[in-house]
Amino acid sequence: MASAPGPKLILDGLKEAGVNMIATLPDINIADLLEFVAKDRDVIHVPLCREEEGIGICTGGYLVGKKCALIMQNGGFFNSVNGIVSTLLQYHIPLLLLIYYAGDMGDRSFSTNGAMTEPVLSALGIRTYILRKPEKAKTLISRTQVLTQDYKEPVAVLLTKDVLGRRRPGE
């Protein structure tokens with residue numbers, strides 16, 4: 001299980017914010033967080049094959065009264081833009097998007113993804129917050145969950161390696 005405190009704090013923050021359904025797609029950088037989600041019996045965990053499936057599944061969850069979150073990498077977020085625009089934005093569906101920020105400063109992989117993440121979120125009009133310190137996880141997630149529910153639109157929290165834990169020194 002995770003040695004970094006961030007993944008557990010993120011899940012605790014989601015649960016404290018009332019999130020009871022979480023859709024995820026496997027990614028090595030969020031593996032510890034996904035392990036916590038998969039083992040937790042207080043939330044419905046829906047593993048996905050493609051991130052865009054999560055948009056439809058979480059929309060269905062919302063329509064039956066669930067508070068949902070979707071956890072994915074920013075590459076998967078890019079794959080989901082059609083579903084985000086044609087479903088979440090068009091029909092004002094609140095969904096908390098937790099996006100691993102591959103290519104963020106200090107992350108030597110996927111620099112193009114990192115460079116495009118915030119501009120694409122901004123172009124879609126999705127309010128975005130970056131989680132850089134594990135101790136801020138519960139507060140930020142709670143506040144963004146309230147925002148997405150009140151705003152009736154998706155809100156994104158970008159998860160950094162500093163919060164999720166680095167796999168190897170220097171990563």
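A residue counts as buried here when its relative accessible area is under 20%. The model is predicted.

**Helix 7**

Helix 7 covers residues 137–151, 15 residues in total. From first C-alpha to last, helix 7 reaches 20 Å, close to the expected 21 Å. Its buried residues are Ala-137, Leu-140, Ile-141, Thr-144, Gln-145, Leu-147, Thr-148 and Gln-149. An α-helix has 3.6 residues a turn, so residues three or four places apart point the same way. The buried residues of helix 7 pack against helix 1 (6–16) and against strands 3 (68–73), 4 (96–100), 5 (127–131) and 6 (155–159). Lys-152 follows helix 7.

Most residues other than glycine have a negative phi. Lys-152 has a positive phi although it is not a glycine. His-92 also has a positive phi and is not a glycine.

**Helix 3 against helix 5**

Helix 3 spans residues 51–63 and helix 5 spans residues 81–89. Their axes come within 8 Å and cross at roughly 20°. Angles under 35 degrees count as roughly parallel, so helix 3 and helix 5 are roughly parallel to each other. The crossing is right-handed. On helix 3, the contact residues are Glu-52, Ile-55 and Thr-59. On helix 5, they are Asn-82, Gly-83, Ile-84, Thr-87 and Leu-88. By class, this contact of helix 3 with helix 5 has three nonpolar, four polar and one charged residues.

Note on methods: Residues are numbered from 1 along each chain as its sequence is written. This is a predicted model: local features need pLDDT of at least 70, side-chain atom pairs count only at pLDDT 80 or more; totals for chains, interfaces and linings use all residues. Side-chain values use heavy atoms; hydrogens and water are left out. Helices (H or I, at least four residues) and strands (E, at least two) are DSSP runs, numbered from the N terminus. The expected span of a helix is 1.5 Å times one less than its number of residues. Buried means under 20% relative accessible area, exposed over 50%, partly exposed in between (1.4 Å probe, protein chains only). Contact means heavy atoms within 4.5 Å. Axes are lines fitted to C-alpha atoms, for helices over the stretch in contact, and angles run from 0 to 180 degrees between N-to-C directions. Angles under 35 degrees count as roughly parallel, over 145 as roughly antiparallel, 65 to 115 as roughly perpendicular and the rest as oblique. A crossing is left-handed if the near helix is turned anticlockwise from the far one by less than a right angle, and right-handed if clockwise. Ala, Val, Leu, Ile, Met, Phe, Trp, Tyr, Cys and Pro count as nonpolar, Asp, Glu, Lys and Arg as charged, and the others, Gly among them, as polar.
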